[in-house]
Amino acid sequence: MKTASREDIYQMKIALVEMSSRDRLNIYALIKMGRGIPLLAAILKQLGYSVECFVETVQKFDWLELLSYDLIGFSIISCTANPTYVMIKELRKAGYKGTILVGGPHATVLPDESLEVGADAVVRHEGDKTFPALLKAIEQNISWENVPGITWKTKTNIRQHNPDQELLTSDELSALPLPAFETIRGHQKIHQLPLMFSRGCPYDCVFCAVRNFFGPYRFTTIQSRMLQLKTLRDNYTWFWENCTIFFADDNFFGTHESQLIANEMLRRMPLENLIPPKGWVCQMRVADASLETAQLLKNAGCIVVCLGIESTDAIALKSIHKGQTPEDISNGLSKLHSQGIDTLAMTIAGIDTDTFWSFFRGIRKLREWGITYLQILAMVPLPGTKLTNQLLAKGVNISRNYDYYNGMHVLLKPAKMSKFSVWLAVYLVTIWFYFFTTHGLMLFMKRFKYYLKMMFVMFRQTYKI
Ligand code: B12
């Protein structure tokens with residue numbers, strides 16, 4: 001445990017870091033958008049700390065620079081865990097004596113991994129309250145024993161798993177500041193800006209890490225949402241004018257109660273001149289798309305909705321606890337398309353009840369139903385999910401090479417498909433789909449060479465994993 005005086009703390013230099021995945025096939029590593037660290041930076045700035053964020057997908061940085069910071073906090077998901085672990089080891093090897101913290105969905109489920117490579121503590125689940133509490137303990141030079149929500153190493157190298165931190169209430173969530181995007185090194189390169197008005201998800205799909213990580217569903221008030229949009233427009237003009245906003249809520253409409261707030265926000269956005277010039281994108285359940293919501297989305301400037309349509313097969317949907325039927329999907333899509341909203345279907349290849357042909361028929365249906373964009377990912381055994389826990393309980397051997405945890409690799413062999421047919425589903429079916437849509441074809445051609453290369457490397461790797 002490292003200590004520092006109050007004076008030190010207020011001059012303390014804090015670096016928050018999000019590494020990029022090292023897997024060259026990870027198409028998401030091309031997207032210049034961070035997750036939670038700008039929000040944490042805003043919270044710490046309000047408390048008087050000096051913070052800088054390094055998001056490697058936004059701008060590469062020289063890791064030696066980090067040596068000059070007093071505290072380094074890393075944020076990890078599974079596919080960025082390995083490069084982060086390497087970085088922590090390098091920092092310690094180079095003699096870094098400051099405090100190293102790790103947080104994020106992967107570290108929350110597997111905190112010991114971070115401690116093993118040299119971190120002092122892992123902040124589990126939400127960091128909004130835990131991080132300031134931990135900084136206060138450092139500042140006051142008191143034991144970390146009473147800081148809820150952390151797993152840490154004592155001076156004698158004993159691991160302590162403190163009880164969980166209380167989750168933010170809806171009021172606390174509503175009072176959070178706008179993420180400090182300007183603290184990201186190279187922020188002028190950002191073109192997508194994530195904003196979130198809720199935590200968690202009312203549903204509990206077996207493959208998804210959100211429920212286990214963020215816990216029960218909570219959402220912000222209409223006042224807080226409007227204030228965030230206004231602050232972005234008035235105080236962060238560059239971001240407002242140059243970025244597409246990504247409402248990163250896992251489920252934009254959520255429950256009936258939060259849907260009322262989301263609808264109200266959509267009504268007020270055009271009236272209060274709060275439509276971002278570059279438009280915005282959200283993630284929603286297709287079953288929530290009524291004609292009214294579709295009209296509201298359109299009038300409020302929504303350009304694409306990302307829909308979790310993991311499958312169009314009733315049995316497959318049931319097996320993953322999706323709570324959605326094929327009829328919900330076709331109805332919802334027709335409502336959205338009737339208002340000219342583009343749709344992205346986020347599908348999963350390798351659900352146990354699927355065969356290659358049932359999967360292919362599903363994608364053919366989606367094309368018939370007019371879906372604009374398609375994402376096919378192989379099933380990923382994300383740590384802490386129901387799916388992974390069930391597989392582990394059955395004694396299934398799951399690769400722990402987290403570099404491959406990005407949906408571009410076939411990590412699991414489903415009951416009725418070979419790994420090769422999952423591979424075909426991910427790559428060839430995507431090509432087949434885009435071949436028939438001009439919209440998609442243009443997008444696909446832009447990345448054609450990358451995609452071909454990816455297919456070949458991927459093919460080799462499918463059987464190595
Ligand atoms: C926006 C988003 C994206 C964006 C940008 C991602 C990026 N930069 O990595 C895009 C669309 C590109 C994307 C892609 C992918 N994503 Co994504 N994404 C999200 C989403 C929807 C929101 C992230 C966010 O902004 N959260 C809000 C912030 C506030 O939360 P947070 O980052 O977790 O931070 C909080 C705490 O974790 C903690 N904390 C975090 N870091 C730290 C660090 C310190 C020091 C401390 C003290 C605390 C702390 O404090 C914060 C405040 O409470 C999440 C779902 C979710 N609800 O979080 C999925 C999620 C993070 N994605 C996930 C995955 C798997 C992927 C993909 C592999 C695709 C896929 N198969 O689904 C790719 C890989 C991305 C990559 N980096 O290579 C999983 C990760 C699970 C895991 N164990 O790995 C999630 C949780 C979704 C899920 N359904 O399970 N994603």
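Let's start at His125, which counts as buried because 25 C-beta neighbours sit inside 10 Å of it (buried means 20 or more other C-beta atoms within 10 Å of a residue's own, exposed means 12 or fewer, and partly exposed is in between, with C-beta atoms placed from the backbone). Keep in mind that this is a predicted model, where local features need pLDDT of at least 70 and side-chain atom pairs count only at pLDDT 80 or more, while totals for chains, interfaces and linings use all residues. Residue numbers run from 1 along each chain as its sequence is written.

His125 isn't a glycine, yet its phi is positive, about 55 degrees. You'll find His125 in the loop between β5 (121–123) and α6 (130–139); helices (H or I, at least four residues) and strands (E, at least two) are DSSP runs numbered from the N terminus. Asn141, also not a glycine, has a positive phi of about 55 degrees too. Asn141 belongs to the loop between α6 and β6 (150–153), and is exposed, with 12 other C-beta atoms within 10 Å. For background, most residues other than glycine have a negative phi.

How confident is the predictor? On pLDDT, its confidence in each residue from 0 to 100, the chain has a mean of 92, and 91% of its residues reach 70 or more. Residues 1–6 stay under 50, and the model gives them 15 contacts beyond four places in sequence (a contact is two residues whose C-beta atoms, placed from the backbone, lie within 7 Å).

Now zoom out. The contact between them takes 21 residues from domain 1 and 18 residues from domain 2. On the domain 1 side, α3 (81–93) and α4 (105–109) each supply at least two residues, and α4 gives the most, with four. By class, that side of domain 1 has ten nonpolar, seven polar and four charged residues (Ala, Val, Leu, Ile, Met, Phe, Trp, Tyr, Cys and Pro count as nonpolar, Asp, Glu, Lys and Arg as charged, and the others, Gly among them, as polar).

So where is the ligand? Both domains give residues to the shell around the ligand, so it lies between them. Of the 41 residues around the ligand, Gly36, Gly73, Ser75, Gly103 and Gly127 come nearest (a residue is near if its C-beta atom, placed from the backbone, lies within 6 Å). The elements giving two or more residues to this shell are α2, β3, β4 (99–103), α4 and α8 (210–214). The shell divides into 23 nonpolar, 14 polar and four charged residues.

After α2 comes Gly48, with a positive phi near 100 degrees.

Last stop: helix α12 (residues 291–299), where Thr293, Ala294, Leu296 and Leu297 are buried. Seen down the axis of α12, these fall within an arc of 165 degrees, so they line one face of the helix; the arc is that of the directions from the helix axis to the C-beta atoms. The face turned away from the buried side of α12 carries the exposed Leu291 and Glu292. What covers the buried residues of α12 includes α11 (256–271), β13 (302–307) and α14 (326–338). α12 is followed by Gly301, with a positive phi near 90 degrees.

Terms used. pLDDT = per-residue confidence, 0-100. Domains from an automatic or database assignment.
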